[in-house]
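User: Hey, I'm new to this one. Can you walk me through it?
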Amino acid sequence: MIKTVVDRLEEGIIALLLAAMTVLTFVNVVLRYGFNSGMTWSMEITEFLFAWLVLFGMSYGVKVGSHIGVDALVQLFAKPAQRITGIFVALVCMTYAALILYGGWESMTFYHMIGIEAEDSPIPMWVVYLILPLGGALLLFRLGQVLWRILSGQQNGFSLADEAREAIETIGEGGEAEAMADGMVRRDNDK
């Protein structure tokens, strides 16, 4: 239940942030080039939205397995060694997420205490920095899920994106992989 709520909330916020950035940038470009005016605060708000998008996107990337990693060496290990490596990496990443959470909390409370606002917009800076502890907590939650799946034997390590393998499989579905390989061999033999 909690997982479903967090999943939907996370996806909704990411979509909202991306849409807000797109609309804000589009409107500002139209105002600037079409009407020779603009919103002076739009660039700052877009930067804040982008920072929020990135920090929400970190945890979402762990959830859907879209982070790219170099695991060619780890894949050569036996399954038990892959699990041990996965556990170690998950713990190191969780430490990193905990540091983001702690440091973000310290930054956010500092900005809340001094009460300053953003330079071009009337947004309190503590609201901007709120994403650091929130993003760190979400990342910690997602990495905890990965660690649990590794410990319970549901997976051996991180589910990393393998774009090369996906591209080869996509081409192979149409039977084009063999034709491309034959073409490459012929070109190499012609040299």
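User: What does the secondary structure of the protein chain come to?

Analyst: This is a predicted model, and its protein chain comes to 8 helices and 0 strands. Read along the sequence, the pattern is α-α-α-α-α-α-α-α.

User: OK, and how much of the protein chain is buried?

Analyst: Buried residues make up 27% of the 191 residues.

User: What about contacts between residues at least 6 apart in sequence: what share join residues at least 24 apart?

Analyst: That share is 72% in the protein chain.

User: Let's take helix 1. Does its span agree with what you'd expect, or disagree?

Analyst: It agrees: helix 1 has 34 residues, which should span 50 Å at 1.5 Å a residue, and its end C-alpha atoms are 48 Å apart.

User: Which residues of helix 1 are buried?

Analyst: They are Asp7, Glu10, Ile14, Leu17, Met21, Leu24 and Asn28.

User: I see a lot of gaps of three or four in there. What's a helix got to do with that?

Analyst: An α-helix has 3.6 residues a turn, so residues three or four places apart point the same way.

User: And what do the buried residues of helix 1 pack against?

Analyst: Helix 2 and helix 6, the latter being residues 131–151.

User: Start with helix 2, then. How do helix 1 and helix 2 cross?

Analyst: Helix 1 covers residues 2–35 and helix 2 covers residues 42–64; their axes come within 9 Å and cross at roughly 150°. Angles over 145 degrees count as roughly antiparallel, so helix 1 and helix 2 are roughly antiparallel to each other. Their crossing is left-handed.

User: Which residues make the contact?

Analyst: On helix 1 they include Ile13, Ile14, Leu17, Leu18, Met21 and Leu24, and on helix 2 they include Ile45, Leu49, Phe50, Trp52, Leu53 and Phe56. By class, this contact of helix 1 with helix 2 has 14 nonpolar, 6 polar and 4 charged residues.

User: What's the phi of Asn36 like?

Analyst: Asn36 has a positive phi of about 55° although it is not a glycine. This residue follows helix 1.

User: Is Asn36 buried or exposed?

Analyst: Asn36 is exposed, with a relative accessible area of 73%. Ser37, at 40% relative accessibility, counts as partly exposed.

User: What does Ser37 touch?

Analyst: Leu31 and Arg32, not counting residues up to four places away in sequence.

User: Back to helix 6. How does helix 1 cross it?

Analyst: The axes of helix 1 and helix 6 come within 13 Å and cross at roughly 130°. Helix 1 and helix 6 are therefore oblique to each other, and the crossing is left-handed.

User: Who makes that contact?

Analyst: Helix 1 brings Lys3, Val6, Asp7 and Glu10, while helix 6 brings Leu138, Phe141, Arg142 and Gln145. By class, the contact of helix 1 with helix 6 has 3 nonpolar, 1 polar and 4 charged residues.

User: And helix 2 with helix 6: what's the angle?

Analyst: Their axes cross at roughly 5° and come within 8 Å, and helix 2 and helix 6 are therefore roughly parallel to each other. On helix 2 the contact includes Trp52, Leu55, Phe56 and Met58, and on helix 6 it includes Ile131, Leu134, Leu138 and Leu139. By class, the contact of helix 2 with helix 6 has 12 nonpolar, 2 polar and 2 charged residues.

User: How far does helix 6 reach?

Analyst: Helix 6 has 21 residues and reaches 29 Å from its first C-alpha to its last, close to the 30 Å expected at 1.5 Å a residue.

User: Which residues of helix 6 are buried, and what covers them?

Analyst: Among them are Pro133, Gly135, Gly136, Leu138, Arg142, Leu143, Gln145 and Ile150. What covers the buried residues of helix 6 includes helix 1, helix 2, helix 4 (79–114) and helix 5 (125–129).

User: Last one: what comes just after helix 6?

Analyst: Gly153, which takes a positive phi of about 80°.

Methods
Residues numbered from 1 in each chain as written. Predicted model: local features only at pLDDT ≥ 70, side-chain atom pairs only at ≥ 80, totals over all residues. Heavy atoms only, no water. Axes fitted to C-alpha atoms, helices over the stretch in contact; angles between N-to-C directions. Helix = DSSP H or I, 4+ residues; strand = E, 2+ residues; numbered from the N terminus. Parallel < 35°, antiparallel > 145°, perpendicular 65-115°, else oblique. Left-handed = near helix turned anticlockwise from the far one by under 90°. Contact = heavy atoms within 4.5 Å. Nonpolar A, V, L, I, M, F, W, Y, C, P; charged D, E, K, R; others polar. Expected span 1.5 Å × (residues − 1). Buried < 20%, exposed > 50% of the residue type's maximum accessible area, 1.4 Å probe, protein only.
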